[in-house]
Amino acid sequence: MASGSACVISTLNGDTNVPFFKEFANAGLTSENCPVVSFSISEDEFRGLPAKQLAGHLGCWTYFMSIKTPENAPIEITSTGETTYENSLATARDNVAIHIGNTDIYADYAQYNSTTHEVKLRGHVRIYRDKPTATIPTKPSRRHNDEQPDQNSSFYHADSGIYNIDTKQIRATNMRTEAQPYFLSGQNVSEISEKAYLIQNGTFTTHDAPNPDFHLQARTIRVYEKDRVIFRNVTLYVGKVPVFWWPYLYQSLSDAFSFTVTPAYLSSWGPSLLTQVTFPITDDIKGRIRLDYRGRRGVAVGFDPTIEYGKDNNSWAKIKTYYIQDQNPDINDTAVPRKDVPTGRYRLSLQDRTNFSDDIYGIANVTKLSDQFVMQDFYQGEFTIDPNPDNVVALTKTNPFYTLTGIARFQANEFFETTQRLPEVVLDIKRHALFGGPIFYESETGFADLRLQFPEGSGFENYGSTRLDTFHQFLYPNTYFGWLSIVPRVGFRGTYYGETRDLGKTMFTPNPNPFIPDFLLPFAPNFPGAA
């Protein structure tokens, strides 16, 4: 069969199989060129046959029930109360403990049907699954709190239910399950496949208290153990207060779900409460929802997804969005004067790295703001580091010998001064030995179309020029006496601008913002901001 030519269907009984397989092997036949399918060999007879000659052949008809597997494990039922067996029904009452394979079941009442292989359970039902051993209570307990699930087991707690020991399917009422740090509960639970079940009117939380501080309430929850949870018609509660609603929500059980609440007070905010929920949307997309309240500013909302994509998910994108209908946009704790600040204030940012191949990648860093003060008012940490967010897109080709980069830098926010580079191309030759000798060479050459964009309404006229810049350097590194390193070098740099501008009579007004340096950017003669 394996070779596509022949196979043998055998109905030989008993000891006659021994000479058959011996002669079969002597003829040079194996399971690879002519497999045998035996329909009449018992489990004990298989043990008497030569294992080497049987390797790869098939045995049918007999059920090998003595092999130690979870499916062949006997069912053990114990209890402190009455136990009866009648008409294929084994019934046990009071502190019932059932052990079957890697599953342990505890309940106040249990009835096992040996025909259907189903166990009906009532009262403080607990089911531990995929657990190597179990701890059975040694003393009566009405609540059975003596046993604890370990990290490798699945735990279910219900008022009542039915468990099938063959399919491991569970149907239960008022059931909850926990797999640290996740806790699920629901009114009705039915298993839809192995290790997957449907919960009606369920709750999901990472808080292990009987009355959690926060939880998700959903009309339906589909749980795929150790994989994912899918919610429909779901509401986020903080305590008993609903704060957000989704028609659909995906929670990966291998990723962190978090909810944080941060009280704050700033003179420009007033008493404030900052909240955020972090959760996976799919296996490759994670989201963070922000819902903030500031006493002097109002309510703000934001959504920050992180996306992984491409081959092996080695590319990523981070998006930040934030919007507030500011009740007091003119609040100003600085000496910098403000005017015409809008009430509708927002921030939209994108950070992206796309790996097109092993040696070609692109990056994007783009930020669009409603006004020049929104970062200072609501993102103080980022503002301190970068008061004027850059907007740039670049494509890079890497090589052991060189790096080639194309850059586009543009003015996305008209209230910030920006030196646009549309485009700039830079070739960087990495340091390397010339012709394998002791002299090394490195260089950098770039071409750019530059344009200095002043803030809108500043009164200055925008201007631009093309620029060609090239740098070359030769090095002769040497080490003397085993410790003294001397690197003589010689090089040159040349820069050409297509246009120049005489700034001798230009008046520059100092920028009133103390976070903006009060000097021109480095430049070549007669062209500010070009470098």
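Two strands count as paired if DSSP finds at least two bridges between them. Helices here are DSSP runs of H or I with at least four residues, strands are runs of E with at least two, and both are numbered from the N terminus. With that in hand, here's a walk through the model.

Residues are numbered from 1 along each chain as its sequence is written, and side-chain values use heavy atoms, with hydrogens and water left out. This is a predicted model, where local features need pLDDT of at least 70 and side-chain atom pairs count only at pLDDT 80 or more, while totals for chains, interfaces and linings use all residues.

**The overall picture**

The protein has five helices and 31 strands. Of its 531 residues, 37% are buried; buried means under 20% relative accessible area, exposed means over 50%, and partly exposed is in between, using a 1.4 Å probe and protein chains only. Take the contacts (heavy atoms within 4.5 Å) between residues at least 6 apart in sequence: 44% of them join residues at least 24 apart.

Let's start with an open sheet of three strands, which has the order β1-β2-β3 and parallel pairing. β1 (8–10) and β3 (58–59) sit at the edges with a single partner strand each, so one side of each has no neighbour in the sheet. Three bridges hold β1 to strand β2 (residues 36–38) in the parallel sense, and S10 stands opposite S38 in β2. Helix α1 packs on this sheet and touches β1 and β2, with its direction at about 175° to that of β2. That angle is taken between N-to-C directions on a scale from 0 to 180 degrees, with axes fitted to C-alpha atoms, for helices over the stretch in contact.

Which residues of helix α1 (residues 17–26) are buried? They are N17, F21 and F24. Looking down the axis of α1, the buried residues fall within an arc of 60°, so they line one face of the helix; the arc is that of the directions from the helix axis to the C-beta atoms. Turned away from that buried side, the exposed residues E23 and N26 sit on the other face. After α1 comes G28, with a positive phi near 85°.

**Cores and a buried strand**

A nonpolar core is a set of buried Ala, Val, Leu, Ile, Met, Phe, Trp, Tyr and Cys residues joined through side-chain atoms within 4.5 Å. The largest one has 41 residues, and those with the most contacts inside it are L121, I127, M175, L216, I221, F231 and W246. A second, separate core of 13 residues includes L274, Y322, F383 and F416.

L216 also turns up in strand pairing: in β13, L216 is the bridge partner of F204. Strands β12 and β13 (residues 214–224) run antiparallel and are joined by eight bridges. Seven of the ten residues of β12 (residues 196–205) are buried, so this strand is largely enclosed by the rest of the structure.

F244 is partly exposed at 31% relative accessibility, whereas W246 is buried at 10%. F454 and Y463 are both buried.

A364 lies in strand β23 (residues 360–369) and is buried, with a relative accessible area of 15%. Not counting residues up to four places away in sequence, A364 touches L350, Q351, D352, V392 and V393. A364 and A394 are 30 residues apart in sequence, and their C-alpha atoms are 6.5 Å apart in space.

S79 lies in the loop between β4 (75–78) and β5 (83–86). Buried or partly exposed? S79 counts as partly exposed, at 23% relative accessibility. Leaving out residues up to four places away in sequence, S79 touches A92, R93, D94, N95 and V96.
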